[in-house]
Amino acid sequence: MGHSHASAAAVGLLLLLAGCTPLPAASRGAVIDLLQQDWSRVPGVAADGDRLRVVATDRRIVQQDGSGGQPDPPLGLVGTHLLAEQDFSIGAVFADATADVGLAVYDRPPVIADEFRIEPAGLRLVLRGDALRITLFDGAAQRDVADPQPVWDERVSVPDPEAELSVRRTGELLEIASDGETLASEPLGGVFASGELWLGLSSEEGRFAVDELTATAPAGAAMSTAGPAAADAERSPDGLQALADRIRPGFRIGAAVALGPLASDEDYASRFVGEFGALTPENAMKAQAIAPRQGEYRFEEADALLDLAEAKGLAVHGHTIAFTEAMPRWMRELPTGTDRERRASAEILLDYVTTVVTHFRGRLDSLDVVNEPFDVDQGTGLQENIWFRVFGPAYPAIVSRAVHDADPEVRQFVNENGADVPGPRQDALLRLVLDANEQGGHIEGVGLQAHVYDLGTDEITAEDLTTTLDAVADAGLLVRISENDVTDAEGREAQAEQFATVLATCLGSEACVAYTTWGVDDRYDWWVDDEGALHQGHDLLFEDGEPTPAYDAVREVLGG
């Protein structure tokens, strides 16, 4: 997962993407002023003259039913991280703290899934007054992924909270010091084995300033800065999108992506940028990510993905506006008991839509204005989420009109699962879109997710998909295959055949304008069972950076 020092070409692109100034590779005895690096794409962190200002974001990842709320403190992903395979010291001076001060040093970014975050190996320091909590994680599998337990958890007193607080690695020992005095130490136990250091600044409840932030390598030890792995990635003239361009110009082959692996994993970054022509943010544009607090917007990570797309010439499909899941508590709990409350809540929700769509105006090719409107049991009833409770069953039309007012050019879609084959759910989806447009909406098509979790129950045949695409075309609408993934439980050959069937059938219909896989590499394909156990999926076109037979089948469909 690690990557080497940035090349000269990568430095040029890095300056475009992140605006930071790397040091020469492997500087020995280096002292790096991290305040001078680019923090502009880190939620809650902003430059203020020669210091940084940090404010609480309250980012949390909720369960599908809205319960829980696993903290998701931000990390610097596309600015600068450090390469330090030997001893190092990171020192910080904090000021003006109104509550807690948080500093994190990880050896890789966390994996962010729809409903949980996999905590990587690394260190967190949280300072409240003169009380310092030290927690160290070793990156091992957790019994409960949503409640990771550290291997070291200690509380100490800091003599002077505004003196330099430092993290030092000396051999196999990790030391925490204040004003040069060691407060606590612990054997590393393999933490920071990647040779990379990823830094985060955050507060749970308040705000603070960072007056100094430096990284130092002792004499004889090497340290350098590096930018995101995607800075080096190049479009392939023989990639999947290039093949599609030859046989059907304008047709988009895309993938859902996350910023963490794009920044940290060379395999992932090179496969995505090289092979695909469109980007869907997996989670970075969902409400819990961009509006964790009412009226406060955190667009930084979504903007970083769009920066990458623009630098690499990729189209962007936005995901998503109105959705039952991935919703912050403030939004989920808007009052709806009386007409007055519903009117006030309607104003808040429409302000959210307008703010988000206006922010991204001109940067999105298309957008899911409504995601998964129907119940989770494959029925045809609308989920009674906050959008439904505030606006009633006509909410898709209301959201669509608000999106159009903010960005008349973005193509609007309603995205749904279980509607890939003919049946009542598909009929209900088409009815919903046509009714919304009769009510003044501007929805151009539907997204068919094409998740195949079980080939026995979820198989999508060419005949069924052809019938589906014809029905959508007859309705005057477009189609995106929006989230295709396929289980390998019946073997790689059956998996490959299903991928090929879906893509080939889509290509054969003029109404089907795009094909997207829900992820890039199985390395980041994780799910949690009903007992809370974490499992790795094997549902995508790449595994550990290498093409699977499904990739070969998709290439063959495209004429490769």
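**Strand E26 and its surroundings**

Mentor: Strands E25 (residues 411-416) and E26 pair in the parallel sense over 5 bridges; strands are DSSP runs of E with at least two residues, helices are runs of H or I with at least four, and both are numbered from the N terminus. Two strands pair if DSSP finds at least two bridges between them. The model is predicted, so local features need pLDDT of at least 70 and side-chain atom pairs count only at pLDDT 80 or more, while totals for chains, interfaces and linings use all residues. Residues are numbered from 1 along each chain as its sequence is written, and side-chain values use heavy atoms, with hydrogens and water left out.

Trainee: Which residue in E26 stands opposite Gln-412?

Mentor: Gln-412 belongs to the pairing of E25 with E26. Its opposite residue in E26 is Ile-443.

Trainee: What is the hand of the β-α-β crossover from E25 to E26?

Mentor: The chain leaves E25, passes through helix H11 (residues 424-438) and reaches E26. A crossover is right-handed if, with the strands pointing away from the viewer, the path from the first strand over the helix to the second runs clockwise. This one is right-handed.

Trainee: How many residues of E26 are buried?

Mentor: Buried means under 20% relative accessible area, exposed over 50%, and partly exposed in between, with a 1.4 Å probe and protein chains only. Strand E26 covers residues 443-448 and is mostly covered. Of its 6 residues, the buried ones number 5.

Trainee: Which residue in E28 stands opposite Leu-448?

Mentor: E26 is also joined to strand E28 (residues 478-486), in parallel, by 4 bridges. Opposite Leu-448 stands Ile-481.

Trainee: How far apart are the end C-alpha atoms of H11?

Mentor: The expected span of a helix is 1.5 Å times one less than its number of residues. H11 has 15 residues, so it should span 21 Å. The end C-alpha atoms agree with that, at 21 Å.

Trainee: What covers the buried residues of H11?

Mentor: Those buried residues include Leu-429, Leu-432 and Val-433. Contact means heavy atoms within 4.5 Å. By that criterion, the cover includes helix H10 (395-406), E25, E26 and helix H13 (462-474).

Trainee: Which residue just after H11 takes a positive phi?

Mentor: The phi in question is about 100 degrees. The residue is Gly-440.
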